[in-house]
Amino acid sequence: MASVELRDIRKSYGALEVIHGVSLAIVEGEFIALVGPSGCGKSTLLRMIAGLEEISDGEVLIGGRVVNPLTPRERNIAMVFQSYALYPHMTVAENMGFNLKLSGLPRPQIDKRVGEAARMLALTELLDRKPNQLSGGQRQRVAMGRAIVRDPAVFLFDEPLSNLDAKLRVQMRTEIKALHQKVATTSIYVTHDQIEAMTLADRIVVLNGGRIEQVGTPLELYRTPANLFVAGFIGSPAMNVLEGTVDAADGEPAVRLGDGSAIRIAPERKVRLGQAVRIGLRPEHFVASGAGNAISGPTLLVEPTGAQTHVLFEFAGEQITAVVDGDHPARHGSLFQAAMERNQVYVFDRATGAAL
Amino acid sequence: MTDTTSSARMTAGTRLYLYVSLSLIAILVLMPLVTTALGGFKSLGDLRVNPFGLPSEWLWSNYLDILFGDRYWRQMLNSLFIAIMTVTLTVIVSAMAAFTFAHVKFFGSNQLLNYFLIGLMFPAATAILPLFIRIRDLGLLDSYWGVILPQVAFGLGMSILLFRNYFRNLPEELFQAAFVDGCGYIRFFWHISMPLSRPIVSTVSIITFVHSWNSYILPLIMLNTEEKYPWPLGIMVYRGEFGTDWQLVLAFITLTILPTVIVFFVAQKHIIAGLTAGAVKS
Amino acid sequence: MTDMTATMAAVPATARRKQVRYKSPTVRGRLPVLILFLPPALLLFTLFVILPMGEAAWYSLYRWNGYGLPEHFVGFRNFEVLFNNAAFSQALINNGLIILVSVLLQVPLALWLAMMLAHRIAGVVAFRLIFFLPYVLADVAAGLIWRFVYDGDYGLVAALAGFFGAATPYVLADRGLAIYAVLAVIIWKYFGFHMMLFIAGLQAVDRSVLEAAEIDGATGWQKFRYVTLPLLGSTVRLSVFFAVIGSLQLFDLVMPLTGGGPSNSTQTMVTFLYTYGVTRMQVGLGSAVGVVLFVICVTLAFGYKRIFMRHD
């Protein structure tokens with residue numbers, strides 16, 4: 001177990017820089033998720049921490065020690081790959097013990113540690129199987145088993161669940177979380193799935209275009225996104241975004257939309273009159289009735305999911321998604337009426353995207 | 001031309017046309033082989049009047065004389081030794097070289113690979129005289145190695161290419177996982193690449209073996225002593241000696257191709273796949 | 001004051017980053033692997049493939065019997081001799097003829113058989129095996145077997161002629177016929193290989209495309225002409241490529257059949273090289289044949305790949 005620190009990490013391929021100075025401090029035992037759209041550099045960053053990718057500039061420290069010149073093995077990290085990368089010609093036990101075998105550990109000790117790890121992951125029955133005789137979830141567990149057997153300083157996960165079907169993904173997510181609570185090893189987890197990041201991580205790092213957009217706990221990111229990108233990335237269904245200009249309605253700050261309607265915003269927003277902004281409305285913040293901004297429009301589409309219903313309606317010339325209770329009587333063509341408190345309305349500068 | 005739909009919708013006419021055409025060609029293909037084998041059971045006079053039919057009297061002596069002589073066995077063993085050594089060396093040497101091309105980045109690796117691929121473009125025959133002189137100057141003339149080493153060398157282009165493409169298609173993450181597990185290149189080669197390469201080892205081995213087993217021009221030029229002749233040379237000598245005693249020559253031919261035919265029918269899937277896939281992949 | 005400490009802290013951090021340059025980790029054993037793994041192949045290949053080829057070019061400029069050193073420089077005299085030699089011209093013509101027959105007869109025959117064997121009828125596997133069998137046999141054995149077939153006294157062709165009351169033909173002894181007899185054996189020996197290429201190619205053709213064509217109303221022939229054949233394009237080009245390269249190397253099959261005779265009527269470039277270069281130890285002349293063969297092979301290989309196979 002160890003802390004991990006990144007100091008102004010850069011990565012360039014020739015003249016093309018893809019990671020633009022990332023700094024991050026991860027404390028011992030923390031579970032960190034790196035999220036972002038594909039191509040944001042999250043996997044590259046992980047692989048630089050692992051030692052699989054050359055670090056063009058900056059320093060990586062593990063346990064307070066600069067590890068730039070060290071091999072993955074010397075960094076004492078373990079990695080779970082997207083494709084699991086199990087050795088197809090070795091049994092589960094051999095897969096898990098390969099690392100220990102290479103480091104020259106005597107056979108009885110290897111067996112003991114593999115056995116422990118197998119028990120922890122319910123793999124004991126499968127130790128003599130080959131990877132192609134395992135189901136997707138079992139392979140996933142073997143990949144994790146291979147990582148924990150060696151008791152590494154840091155676990156690195158590279159989109160480990162993306163090859164599984166939806167149901168199994170949820171199950172394995174739970175298992176990973178349970179495992180982390182049990183072994184409490186510092187973990188860095190790369191995913192493009194914000195729900196995975198939210199449910200698993202102590203803190204989330206949102207990356208975009210090779211830069212950190214925001215670092216924070218899942219709820220911090222959800223509640224106080226630093227900018228429009230994070231706001232749009234975290235939360236599902238995605239936040240509705242509308243363009244407008246800052247105005248005053250009845251002496252209170254509001255945003256005047258394209259069709260002339262005004263949306264009141266919280267007085268503590270740091271806006272100035274006439275500023276070009278975007279406002280963000282989370283679909284789940286609409287309430288059927290209540291105080292605040294009244295928002296209504298013709299219903300375009302109704303998607304029941306059971307407990308909740310997604311309603312797509314038109315407002316201020318835009319299509320807006322709202323998540324309402326499953327009992328809500330929504331019908332195509334009828335008028336959808338809802339309200340949203342002004343504190344729930346996010347405001348972003350239109351030019352920079354920064355939260356105001 | 002015929003279509004490729006399922007047999008359910010095939011008319012009786014189509015079916016008849018297929019079977020008649022295929023059978024005719026099969027007869028044309030097999031006729032020389034079958035008459036050769038049968039001819040080995042005939043007397044010369046019988047062969048003269050009746051080359052097609054069954055022997056009027058089955059003469060086992062042609063075959064038995066050959067099987068109880070040491071000439072046949074010696075030639076077969078010579079061929080076997082040369083082929084096995086050629087295959088072993090080719091697999092080891094080309095797998096190692098291909099591994100560096102597939103996984104190790106080094107200056108000029110592409111150029112070096114292209115250098116080996118030159119070998120795919122021309123047959124050994126083009127350089128046969130200088131090759132003879134080189135082997136002679138190395139003192140390898142009339143030794144098995146004078147045949148084996150050039151055979152290995154001329155097979156390198158194709159086998160390096162086959163191995164390299166195979167290694168490259170192994171998942172990249174496997175390599176990284178092994179790196180994280182603490183493998184260096186050599187351990188990766190030994191613990192991961194080679195155990196996973198059984199299919200390509202078998203392809204390369206089959207191509208190389210068949211090629212060596214059947215090869216004629218290299219041993220013809222490099223070997224002088226009849227005791228060292230592999231069977232394609234031996235069979236030519238045998239025919240030279242027994243010129244017009246066709247029944248003996250036919251029995252000898254039959255016995256020499258028999259192992260090939262048996263192995264082909266036993267392992268046909270691998271052999272066909274190896275010989276055609278090997279050609280296509282390179 | 002607070003501003004001061006902030007900048008103070010910032011400056012050393014960036015300065016340190018600029019100073020320390022880490023050598024990034026490489027996979028262990030890069031140098032050993034290069035030193036151990038490459039030289040065996042490199043040595044064998046250079047010694048027995050590349051150097052002899054270069055030497056062939058060098059020797060081809062000399063008159064030399066292979067002993068001592070090549071000292072008798074004759075310039076391009078060997079090539080002159082070669083191209084004025086009737087037997088060599090015949091060899092070139094024969095190689096051309098072999099290519100022509102391989103491409104125009106053998107490849108279509110192979111494709112036709114492959115199409116027939118694509119049907120799911122009983123016995124397909126057996127037919128496939130039979131057709132491929134000649135390909136696995138050694139050229140020398142095949143040549144000898146066909147020498148028997150063609151034999152005027154004991155062979156099958158003689159018996160057939162006798163059956164029809166014709167005079168016994170001595171096929172392989174006939175200057176006009178011998179080359180055609182050789183061509184027939186070439187087809188017999190190699191069509192199975194090309195057929196297998198086409199079978200593999202046909203298996204890669206998506207059946208639903210053919211079914212779509214059927215629904216569009218294509219007849220059997222139209223399906224072949226407009227769907228199957230275009231989709232097999234790369235296989236056809238590959239098959240022709242092998243036919244050409246294989247034809248140029250022909251030696252093992254011709255030696256037991258005719259040895260290049262009668263009166264050089266069945267010489268190929270390689271049998272010519274053997275007969276005139278190797279057996280008479282005319283190293284210069286033989287090397288010149290090698291150089292010509294090399295140039296033809298490389299030109300054809302490059303030209304063909306560039307013109308026909310650039311998209312494959």
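Start in chain A and select β6, β7, β8, β3, β9 and β10: these 6 strands form an open, mixed sheet in the order β6-β7-β8-β3-β9-β10. Strands here are DSSP runs of E of at least two residues, helices are runs of H or I of at least four, and both are numbered from the N terminus. Strands count as paired if DSSP finds at least two bridges between them. This is a predicted model, in which local features need pLDDT of at least 70 and side-chain atom pairs count only at pLDDT 80 or more, while totals for chains, interfaces and linings use all residues. Residues are numbered from 1 along each chain as its sequence is written, and chains are lettered from A and ligands numbered from 1 in the order in which they are written.

Axes are lines fitted to C-alpha atoms, for helices over the stretch in contact, and angles between N-to-C directions run from 0 to 180 degrees. Next select β3 (residues 31-35) and β8 (residues 186-191) of chain A, which pair in the parallel sense over 5 bridges. Within this pair, Ile32(A) stands opposite Ile188(A).

**Two backbone details**

Go to Glu159(A), in the loop between β7 (154-158) and α6 (166-183) of chain A. Its phi is near 45°, a positive value in a residue other than glycine. Then move to Pro237(A), in the loop between α9 (228-233) and β11 (240-249) of chain A. The peptide bond joining Ser236(A) and Pro237(A) is cis, with omega about -5°. Most residues other than glycine have a negative phi, and most peptide bonds are trans.

Colour chain A by domain: domain 1 is 4-227 and domain 2 is 240-349, with bounds from an automatic or database domain assignment. Their C-alpha centres lie 39 Å apart. Now select the open antiparallel sheet of 4 strands, ordered β17-β16-β15-β18 (chain A). β17 (318-325) and β18 (335-340) of chain A are at the edges with a single partner strand each, so one side of each is left without a neighbour in the sheet. The twist here averages 45° from one strand to the next. Strands β15 (residues 293-304) and β16 (residues 308-315) of chain A pair in the antiparallel sense over 5 bridges, and Val302(A) has Val311(A) in β16(A) as its bridge partner.

**Chains B and C**

In chain B, select residues 76-267, where an unreviewed UniProt entry places "domain: ABC transmembrane type-1". UniProt positions follow the numbering used here, feature names are shortened, and annotations may be inferred rather than shown by experiment. The span is 77% helix and 0% strand.

Show chain C beside chain B: 80 residues of chain C are in contact with 79 residues of chain B. Helix α2 (residues 30-59) of chain C gives the largest share of its side, 17 residues.

Finally, colour chain C by pLDDT, the predictor's confidence in each residue from 0 to 100. The chain C average is 85, and 90% of the residues score at least 70. Residues 1-19 of chain C fall below 50. Where pLDDT is low, the predicted coordinates should not be read in detail.

Methods:
Contact = placed C-beta atoms within 7 Å.
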